[in-house]
Amino acid sequence: MASTLLRPHYPIVIAGAGPTGLTLANLLGVYGVDCLVLERNASTVHEPRAVSIDDESLRTMQAAGLVETVMSETVAGYGSYYYSASGRLFAKVQPTEQPYGFPRRNAFRQPVLERQLQDGLARFPQVAAAFRHELMSFTQDRDGVSLRVKHDAGESDVRCDWLVACDGASSGIRRALGIGMSGSTFRERWLIVDLENSKVSSPHTKVFSNPKRPCIALPGPHLTRRYEFLLHDHERDEDMLAPDVIDRLLREHEAAPESRIVRTVVYTFHTRLADRWREGRVLLAGDAAHLMPPFAGQGMNSGLRDAFNLAWKLATVTRGQFGAGLLDSYEPERRAHAGSMIQFALNMGRALAPPNAVAAFALVAAFCVLSLFPKARDYIAQMKFKPPPRFAHGFILPDGRSARATLVGRMFPQPRVRGETGERRLDDVLGPGFALVVRSPRAGEIVQRLAEKPWSDLGARVVVMGEGGVQELAPSARLAPFADHVILLRPDRYVAACIPVAELDRGAEQVRALLAGTF
């Protein structure tokens, strides 16, 4: 993009064209919001990085109108098979349930995803992506942010209402704001080997929980494969990166002989959270806000959660539909979940890399005992140990139910439904904005009441689930207790309110107060 095309003002500027920034830009495009993406590099990444995209992120891609494109380049629904030092298969994590409409684990290639996201921006004339444009400095006041942008033709000044820092782990914006990162850097080093033309007998990940050489092998699309080997303290990086050493490691862990190495690197990992995620009109997202271990494949996925949470809030605030106070809910809703994902990844790492033979024996024994109990076996196989997408504070109306029983603050299930237009995923019926889901035998009467304020202020689409509306193909047990309720869904598909029909008037007053509180 030529620098002369930069406008003097954009409602939103996104610094960084990685998965988080590009996803945010696509969602803003869907919502009809003008924005600019600044990226100092000449293009999106070329080397392999993230390799796993989960069901929540695919739901985000669905909202961005790109899920079929993204799914065409994934290995959908892979599992993880855990092997002991003796080669015994002692655990399988292979979820088959799809509570949010997609397989829970999917292999992909980050360079391909970033190209798909970049290409997706062409659908939106109001969204601009400026590569080889670097944010050099910024200042902010109560009305907006002033940016100094460097490019091939010199420098330009740009003004925006909101600046979103998606500029990575070493975020220059975060440093300029003086925001620290709290957490740890681990001394463990991992050797990463990315392969092409690597045929495998199974699409599933193999985890070698061998304390002598913990290793994980992850198949990807189009015969790609990634190996990750734990290095021991006495091993030097330069020795382990030697071609003969890498060849030996690959042979010992079942790599196809014809595999072609495309990248080798040694890295350490971090567990860190930014001390705050917002400073005035500047917000942090993705790796600029949190860093986590790679073992659960949640680093990029957490950034996409940030993008979806921010996108609709920025859109409604920019349009004046809600007040800027809505953005105060971003960090409370995302921070705790990001922290729980860090702990989840650390726990996964312990199963992957037992420190010694005693720990390895205890790990295998524990899984063998758990496998004797169907509920425990299902808990592991269906990956129910993954922290669920939910929060207790933010832009929601708590209903007094326990954390286990409530729908409020949770991501709403996405079943397949059948209606007048045929069989579809639920979100395709709900549309891109707020939605009011009516589950009641009195749906006709209730729909008329939802045409009044404050419901009409939301611009929500009203969808009846059940008699007279769309029908779930497989009824959700999670929704069964809410048979006579109106459920307010946010654009990111989290439940903002779950109101019994008998209390609809009181619920309307609470929603009115919730909206007013953003101004």
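This is a predicted model: local features need pLDDT of at least 70, side-chain atom pairs count only at pLDDT 80 or more; totals for chains, interfaces and linings use all residues.
## Briefing: a sheet, a helix pair and an aromatic pair

Arg416 has Arg425 of strand β21 as its bridge partner. The points below place the pairing in its sheet and then turn to a helix contact and to aromatic pairs.

**The sheet around β20**

- Strand β20 comprises residues 416-419 and is joined to β21 by four bridges, the two strands running antiparallel.
- Both strands belong to an open sheet of three strands, ordered β21-β20-β24, in which the pairing is antiparallel.
- The edges of this sheet are formed by β21 (422-425) and β24 (471-472), each of which pairs on one side only.
- In general, strands of a sheet pair through backbone hydrogen bonds, either parallel or antiparallel.

**The contact of α1 with α4**

- Helix α1 (residues 19-30) packs against helix α4 (residues 110-120) with the axes 9 Å apart and an angle of about 25°.
- Because angles under 35 degrees count as roughly parallel, α1 is roughly parallel to α4.
- The crossing of these two helices is left-handed.
- On the α1 side, the contact involves Pro19, Leu22, Thr23 and Asn26; they meet Gln110, Glu114, Leu117, Gln118 and Gly120 of α4.
- Classified by residue type, this contact has three nonpolar, five polar and one charged residues.

**Aromatic pairs**

- The structure contains 16 aromatic pairs.
- One of them is the stacked pair of Tyr83 and Phe208, with 6.2 Å centre to centre and 25° between the planes.
- Tyr83 is located in strand β5 (residues 80-83) and Phe208 in strand β13 (residues 205-208), so this pair ties together parts that are 125 residues apart in sequence.

Terms used. Residues are numbered from 1 along each chain as its sequence is written. Side-chain values use heavy atoms; hydrogens and water are left out. Two strands pair if DSSP finds at least two bridges between them. Axes are lines fitted to C-alpha atoms, for helices over the stretch in contact, and angles run from 0 to 180 degrees between N-to-C directions. Angles under 35 degrees count as roughly parallel, over 145 as roughly antiparallel, 65 to 115 as roughly perpendicular and the rest as oblique. A crossing is left-handed if the near helix is turned anticlockwise from the far one by less than a right angle, and right-handed if clockwise. Contact means heavy atoms within 4.5 Å. Ala, Val, Leu, Ile, Met, Phe, Trp, Tyr, Cys and Pro count as nonpolar, Asp, Glu, Lys and Arg as charged, and the others, Gly among them, as polar. Rings of Phe, Tyr and Trp (its six-membered ring) pair if their centres lie within 6.5 Å; planes under 30 degrees apart count as stacked, over 60 as edge-to-face and the rest as tilted.
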